[in-house]
Structures are given as C-alpha cells and as structure tokens.
Amino acid sequence: MSVGQTYGLCEIKKMTIVSHNDFELDIFSAYRSLSIYEDLFSPSITARLTLEDSNGILNFLPIIGQETVNISYVTQELEMIVNKITDLESDVGTQTYNLELVSVDMITNFEQRISEYFEGSATEIAEKCFERLESKKTFEFEESEDKYDEELGVVIPNMTPMKAISFLCGKAFHEEYKSSSYMFYETSKKYVMKPMEMLVEEEPKNEF
C-alpha cells in the first residue's frame, strides 16, 4: 500500500534527494513541511523544505548545493535543486533544518547567454529565447501586437534566457490591455507571459 500525506489540495506520494554522485535517498519520512513559492514578479519558483532528521542525513550525504530533490504528487512530479541550508538546529540526536530549493531551469538559465539580433513581436522573440532553456515545461503566452522589423529590431545584449524574456516584457504591447505591462513567471506546471490585466480577469483555479 502506498503512503501519502495530504496538505491542502496536494497529495505527496514520494520524496527523494539525489547527491552529485547519483546516490539517491528517500527523505519522505523526514520531511515536516514544504512551501512552494510562485511569484508574479519572479521568473522562477522557489521552495523551502523542512526536514526533521534523526538518521544523520548530513553525515553520510554531504549537501554541497548540487543535490536534486524529486517530489512526486498524485498528478505530477517536481524536480528542484538544493541552493543552501538554513536554520540548522540540533537537539538530542535530531537535526532540524531547511533546504532552500530553486528550479532546475534556473540553474540551466545561468549556463546560457544570448547575444543576438531578433525581429518579430516581443512574444515571438521571447518564445525563441525560451527555447534556449530546453525546459520540460510549456511556455504559455498572449501574443503581443508590437512588431520589430529590419528597421527597428531588438538586440539581446548578453542576457540569460529568463533575463531576456523579462526584458521583452517591457517592450510587449497588447491592443486590448493597453495600460497593462506583460508579466513573466513560472508556476509548478508551466511558464506564463501575459498582460497583468488579463491575469486579473481570469477565473480562479482554486478556492481555499
């Protein structure tokens, strides 16, 4: 029989950490809380995983900031990278600490640079920049009305893909939502680039 714990509307079925040398450890029994942060003003999600460790995980699995944390829900899987350890406390053989996590795409993002001239709309150029991430997630966007042609192209000056897309949000223009700027952000399932007013008008996905 599978073991699951339900928090809100998310049922976690499995949680593992994989070291830099591919050693995998089940940490489901050690975790006490998991907070995933999605921010309209950030191109990447982050997470905080709190562990109550009585098995000495830090002793036989040194955490140096390259580990992958795999979290399996009923409906999807989330893969994140350990960024740092915070709030470490020890008490009678038990250590409690937080693993601060960032998305895999954020790490890949800093390994890529774009220095290139583009033509087309801001969202068309953003789609090309997003392809450089080689992300497993989809890129959902509302087509912008602006157009940069051979007379007025766009130069991306040595930016990461995420930085380039955020830069293009300032150039994107939508005929219906004239007073609203575009937002670029990541959710647990996809990336979104849409005007702020359009996001406000959307129906809520869940009620709590």
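## Cysteines

Cys 169 is buried, at a relative accessible area of 7%; buried means under 20% relative accessible area, exposed over 50%, and partly exposed in between, with a 1.4 Å probe and protein chains only. Cys 129 also counts as buried, with 0% relative accessibility. The model is predicted: local features need pLDDT of at least 70, side-chain atom pairs count only at pLDDT 80 or more, and totals for chains, interfaces and linings use all residues. Residues are numbered from 1 along each chain as its sequence is written, and side-chain values use heavy atoms, with hydrogens and water left out.

A search of the whole structure for disulfides (pairs of cysteine sulfur atoms within 2.5 Å) finds zero. Cys 129 is in no disulfide, and the nearest cysteine sulfur to it, that of Cys 169, lies 11 Å away.

## Helices H3 and H4

Helices (H or I, at least four residues) and strands (E, at least two) are DSSP runs, numbered from the N terminus. Helix H3 covers residues 122-131 and helix H4 residues 161-169; their axes come within 9 Å and cross at roughly 175°. H3 is therefore roughly antiparallel to H4. Axes here are lines fitted to C-alpha atoms, for helices over the stretch in contact, and angles run from 0 to 180 degrees between N-to-C directions. Angles under 35 degrees count as roughly parallel, over 145 as roughly antiparallel, 65 to 115 as roughly perpendicular, and the rest as oblique.

On the H3 side, the contact (heavy atoms within 4.5 Å) involves Ala 122, Ile 125, Ala 126, Cys 129 and Phe 130, which meet Pro 161, Ala 164, Ile 165 and Leu 168 in H4. By class, this contact of H3 with H4 has nine nonpolar, no polar and no charged residues.

## Strand pairing

Two strands pair if DSSP finds at least two bridges between them. Strand E4 (residues 31-37) runs antiparallel to strand E5 (residues 46-53), with six bridges joining them; Ser 33 is opposite Thr 50 in E5. E5 also pairs with E8 in the antiparallel sense, over eight bridges, and Asp 53 has Gln 95 in E8 as its bridge partner.

E8 (residues 94-103) is joined to E7 by nine bridges, again antiparallel, with Met 80 opposite Ser 103 in E8. Two residues lie between the strands in the hairpin of E7 and E8, where Val 92 takes a positive phi near 50°.

Strand E6 (residues 68-73) and strand E7 (residues 77-91) run antiparallel and share five bridges. A hairpin through three residues joins E6 to E7, and Thr 68 is opposite Ile 81 in E7.

Note on methods:
Ala, Val, Leu, Ile, Met, Phe, Trp, Tyr, Cys and Pro count as nonpolar, Asp, Glu, Lys and Arg as charged, and the others, Gly among them, as polar.
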